[in-house]
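The sequence and model are shown first.

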Amino acid sequence: MLVTQQKVLRRFWYATMPVSMLDDGPQPFKLLGESIVLWKGNGGKPHALRDRCCHRTAKLSKGFVDDEGNIACGYHGWTYDCSGKCVKIPQNPGGQIPSSAIVQSYRCEERYGYVWVALEEPLQPIPEFPEEGAPGYRRILQFYEKWNTSPLRMMENSFDNSHFSFVHKSNFGLFTNPQPSKYEFRPNEWGFEAETHVPVRNPPASFRITGTTEDVTERHLVNRWYMPFSRRFGCQYPASGVHHIIYNCATPIDDSTMMLAQWLYRNDSEQACSTQELVDWDRPITDEDRDILEATDYDACIDIQRQQECHMESDKPGLLMRRMLVKLLADHGEREVFREPDEVR
Ligand code: FES
Ligand SMILES: [Fe+2]
């Protein structure tokens with residue numbers, strides 16, 4: 001799926017960057033191929049505009065935030081409020097500001113420590129993640145990095161529990177047990193929930209992650225897909241009662257790149273397992289996923305027929321996702337746009 005070609009994808013909220021990055025001033029971001037600038041206004045609320053000054057096209061992300069919380073262009077100081085209206089032309093003080101002096105603005109909200117942006121009127125609110133602010137849970141920002149793959153590949157991988165035995169064999173994957181466990185699916189209009197129980201290796205390095213010291217332990221997974229490119233990895237370790245709940249947003253930058261925004265909720269204490277341990281544990285696992293996904297032909301059409309014939313249990317979530325996305329496109333008068341497999345990139 002060439003994400004920049006599918007207009008309906010502009011009608012969802014995406015996690016763009018940690019809000020703390022805006023403490024350093026305006027920042028550029030590319031969302032679905034569109035260059036935007038993000039900044040923090042007065043009161044700390046984030047704002048998003050197209051990253052082009054309407055005077056002589058300088059990137060507003062090169063500018064600065066003024067005392068009123070507006071964004072000023074770094075070239076000649078034209079200044080814009082959060083609606084994109086030009087409110088100041090320093091070379092013409094007290095003069096009329098033409099009504100055409102306006103820059104495209106976008107919906108922008110802070111949630112879960114991230115700046116969320118929707119390019120066009122959203123079909124759905126920002127997804128609700130119930131662990132946020134719930135008693136006993138702490139939030140840990142884990143990873144924020146660009147991946148050279150597509151968000152759909154990232155999403156299908158995150159529900160595919162047959163890759164554990166291969167991609168993650170050096171940490172939690174059981175190489176001798178490649179048969180994936182069955183999911184129970186509960187689809188809804190905007191995604192699905194998929195529940196399963198997966199045996200995993202529990203080397204000493206993961207004792208404080210899992211909260212248990214058995215050689216092999218179980219993950220009870222209640223995962224969720226939030227259309228189009230967010231997911232919950234709802235992992236509980238029944239042996240200890242520890243929850244390790246990861247949210248991933250695979251934010252589409254352009255047709256060949258996505259931004260991984262990943263954070264974690266734990267129901268234990270910093271003493272039981274520190275933030276650094278939790279980042280260090282998931283770092284190599286995330287790198288392994290990235291490495292294999294960057295090695296896929298990530299925007300080619302998937303042969304749904306062939307995958308169905310293989311009866312691969314672990315392909316089911318990805319196929320269901322794709323079917324639901326194709327239906328979403330059709331409901332909005334679009335068809336999936338993709339490259340032919342093996343076309344030279
Ligand atoms: S280009 Fe922005 S003020 Fe001139
Ligand atoms: Fe993985």
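1. Ring pairs join Tyr-112, Tyr-114, Trp-116, Phe-129, Tyr-144, Tyr-226, Tyr-247, Trp-263 and Tyr-265 into a cluster. The model is a predicted one, and it contains 15 aromatic pairs.

2. Within this group, Tyr-112 and Phe-129 make a stacked pair, with 4.6 Å from centre to centre and 25° between the planes. Distant parts of the chain are linked by this pair: Tyr-112 belongs to the loop between β9 (105-111) and β10 (114-118), while Phe-129 lies in the loop between β10 and β11 (138-147), 17 residues apart. Tyr-112 and Phe-129 are both buried.

3. The pair formed by Phe-159 and Phe-192 is edge-to-face, because the ring centres are 5.2 Å apart and the planes stand at 70°. Phe-159 is in the loop between α1 (151-158) and α2 (164-167), and Phe-192 is in strand β13 (residues 191-201); the two are 33 residues apart, and the pair links distant parts of the chain. Both of these phenylalanines, Phe-159 and Phe-192, are buried.

4. Two arginines also deserve mention. The charged end of Arg-283 sits over the ring of Phe-143, 4.2 Å from its centre. The charged end of Arg-219 sits over the ring of Phe-164, at 6.0 Å from the ring centre.

5. An open sheet is built from four strands in the order β5-β6-β7-β8, with antiparallel pairing. Its edge strands, β5 (64-65) and β8 (86-88), each pair on one side only. Two bridges connect β7 (residues 79-80) with β8 in the antiparallel sense, and Thr-79 stands opposite Lys-88 in β8.

Definitions and conventions: Residues are numbered from 1 along each chain as its sequence is written. Chains are lettered from A and ligands numbered from 1 in the order in which they are written. This is a predicted model: local features need pLDDT of at least 70, side-chain atom pairs count only at pLDDT 80 or more; totals for chains, interfaces and linings use all residues. Side-chain values use heavy atoms; hydrogens and water are left out. Two strands pair if DSSP finds at least two bridges between them. Rings of Phe, Tyr and Trp (its six-membered ring) pair if their centres lie within 6.5 Å; planes under 30 degrees apart count as stacked, over 60 as edge-to-face and the rest as tilted. Buried means under 20% relative accessible area, exposed over 50%, partly exposed in between (1.4 Å probe, protein chains only). A charge sits over a ring if NZ of Lys or CZ of Arg is within 6 Å of the ring centre and within 35 degrees of the ring normal.
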